[in-house]
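Open the model in your viewer and keep the selection panel handy. We will walk from one stop to the next, with a short note on what to select and what is there.

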Amino acid sequence: MLKNEPARAFYGPAQCIAASEQEAIDTLMVTDSLFRSTDLAERKKYVQLVEDVKGYGGTVHIFSSLHVSGEKLGLLSGVAALLRFPMPELEDLAVDSDSDSD
């Protein structure tokens with residue numbers, strides 16, 4: 001799937017939240033460390049994302065940050081999504097987000 005349709009997989013909070021707003025997420029993957037953040041607003045953001053995805057029938061997988069899979073996901077911002085349909089516009093969002101942090 002990803003080889004033929006790379007615009008169906010994204011990682012990073014901005015991309016995953018934008019995809020969730022369009023109810024495009026089929027599978028959301030999140031590390032448990034995001035729910036243990038000391039920043040209350042950040043924790044609420046991820047709890048809301050999980051609830052939204054579950055609300056429209058998506059699947060959510062929470063990975064332990066103590067497991068190798070959770071460690072690897074943590075290196076990719078701690079959140080990733082497989083989409084129901086391609087959203088190439090999220091690629092532009094990824095570029096814009098990167099340039100904003102410079």
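Two strands pair if DSSP finds at least two bridges between them, and strands (E, at least two residues) and helices (H or I, at least four) are DSSP runs numbered from the N terminus. The model is predicted, with local features needing pLDDT of at least 70 and side-chain atom pairs pLDDT 80 or more, while totals for chains, interfaces and linings use all residues. Residues are numbered from 1 along each chain as its sequence is written, and side-chain values use heavy atoms, leaving out hydrogens and water.

**Stop 1: the strands.** Select strand 2 (25-31) together with strand 3 (residues 59-63); five bridges join the two, and they run parallel. Pick Thr27 and you will find its bridge partner in strand 3, Thr59. Now follow the chain from strand 2 through helix 2 to strand 3: this β-α-β crossover is right-handed, a term for a path from the first strand over the helix to the second that runs clockwise with the strands pointing away from the viewer.

Five of the seven residues of strand 2 are buried (under 20% relative accessible area; exposed is over 50% and partly exposed in between, with a 1.4 Å probe and protein chains only).

**Stop 2: the core.** Which residues touch the most other members of the largest nonpolar core? Select Ile25, Leu28, Leu49, Val79 and Leu83, out of 20 residues in that core. Such a core is a set of buried Ala, Val, Leu, Ile, Met, Phe, Trp, Tyr and Cys residues joined through side-chain atoms within 4.5 Å. Helix 2 gives the most to this core, with four residues. Centre on Val79 and show its contacts (heavy atoms within 4.5 Å): beyond four places in sequence, they include Tyr11, Cys16, Leu28, Tyr46 and Leu73.

**Stop 3: two loop residues.** Most residues other than glycine have a negative phi. Select Glu23, in the loop between helix 1 and strand 2, where phi is near 55°; Glu23 is partly exposed at 48% relative accessibility. Then go to Ser77, in the loop between helix 3 (68-75) and strand 4. Its phi is positive too, about 85°, and Ser77 is partly exposed at 30%.
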